[in-house]
Amino acid sequence: MPSLEEARKILADAGQSHVLAFWNRLDAPARESLLAQIGRIDFAAVAKLRGVLADAGAKAAPAAAAPMEPAPVVELAGAELAAARARGEEELRAGRVGALVVAGGQGSRLGFEGPKGCYPVGPITDAPLFFFHARKLLALKRRYGRPVPFYVMTSETNDAATRAFFEERGYFGLAKEDVFFFVQGMWPALDPEGKVILDRPDHVFLSPDGHGGTLAALERSGALADMEARGLASVFYFQVDNPMVDVADPAFVGFHAAQGADLSVKVCAKRDPQEGLGVAVRRGGRTEIVEYTEFTDAQKNERAPDGELRYKYGSVAIHVFSVPFLRREASAGLPVHVAHKKVPHVDASGAVVKPSAPNAYKFEKFIFDALADAKVCPCVAFDREAEFSPVKNAEGADSPATCRADLSRKWARWLRAAGVAVPLDGRGYPVRRIEIDPAFAFDAASLAERLAAPGAPAEEPAGDILLREDA
């Protein structure tokens, strides 16, 4: 932590001396907190952000206006699927696969105080999001004999709480040394003059540097060096709010390896033309993900000759990265995007103002910008009913209720495929609650194996079906 004189010099050199405007009104703890924050902020990076802001108005037309076409999409099936799965299983047996979850968010939009990964989604047990991801990795370790190291990206807001949650839950059965926490970067917002914003008299407003900040955070934290020391060849990347994801899916990992890809992207058919998913396109010989906000309504609704949406496939942030590609991208850096936003700030008297209109500029990086540097970047289709039901909204679509229902429907399909009679309602959802611990069975085939084994668990007396692994 810098001294007051050191802080004054840092701020003066950066043209940000106003940060200490309320110093004489602060008590001792507030002064200490502000000095500590000044010591953590990279003001050299802030100077670069000021340059980005100055250049922002000179940008050309939106990227989506340039010539593009839908990206080719592979639908794995038959012999190609079997070959991809076999290759992925080789990678897992050799210990060359890791998993990375982006988990820096809070559950505030869900009315939940705490890290979003701690939010309860188990239809019967209220098991948290982290449980389902970690237990899938535990199942893979048991199946293939080698750990899949778990890299958990937190934020300054939830890092301590996330670490404590894993500790309290015994790392969900994973070995502690195979779980690596690292913190996402934070950047100040700037006013139109390039000044950082105080949201309290003793605090500079900060916001996450975007999912693209993952790359810099991996390098800064030592997580990337850990991947290399472990001999990992690829890392499966996903977001914490989707408990349906097939973490380190052998077929996807194997296809990535067989293609010699730098980055592979899973895509699914959009629910409707207006769904807010980035779209996989080809432009200039490279694959890109173009944000849905950059498409016109005409482009969103454009149809192919077969009647399907022309820009049909969207990305839900499920990727596989090669580790050497992560290293190159971490060194090269990603472009910085600017957004005009409403940011709370203090007025001249020190009172907090919540603006009614955008008043400041936030900065972030997008992970999909790395696609521009990928020499080989295949897009692989997946079935969203099997792998995608995020928890984003408190009610309605993509809510806890829809996620729990989709989880139960997925597990009902597994049970019915294994010969278990599961009554369904008119929409195809089970009439009773179902929950399967991924460590008990992580796919339909492993469930069939477990249910065929002597001493398989029976249905719960109350009528709900709960299959879990105690160890």
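How much space lies in the largest cavity? About 50 Å³.

## Ground rules

This is a predicted model, where local features need pLDDT of at least 70, side-chain atom pairs count only at pLDDT 80 or more, and totals for chains, interfaces and linings use all residues. Numbering starts from 1 along each chain as its sequence is written, and side-chain values use heavy atoms, with hydrogens and water left out.

## The cavity

The structure holds 1 cavity of 30 Å³ or more. A cavity here is a set of points on a 1 Å grid over the protein atoms alone where a 1.4 Å probe fits but cannot get out, and lining residues have an atom within 4 Å of a point. The volume is the space filled by probe spheres set on the points, which are joined across faces, edges and corners.

Leu137, Lys141, Pro147, Val148, Leu174, Ala175 and Asp178 line the largest cavity.

## Glutamate 364

Look for glutamate 364 in strand S17, residues 360–364 (strands are DSSP runs of E, at least two residues, numbered from the N terminus). Its relative accessibility is 30%, so glutamate 364 counts as partly exposed, a class between buried (under 20% relative accessible area) and exposed (over 50%), using a 1.4 Å probe and protein chains only.

Proline 335 sits 29 residues away along the chain, with 8.6 Å between its C-alpha atom and that of glutamate 364.

Terms used. On a 1 Å grid over the protein atoms alone, a cavity is a set of points where a 1.4 Å probe fits but cannot get out, and a pocket is an open set with protein on both sides within 12 Å along at least five of seven lines; lining residues have an atom within 4 Å of a point. Helices (H or I, at least four residues) and strands (E, at least two) are DSSP runs, numbered from the N terminus.
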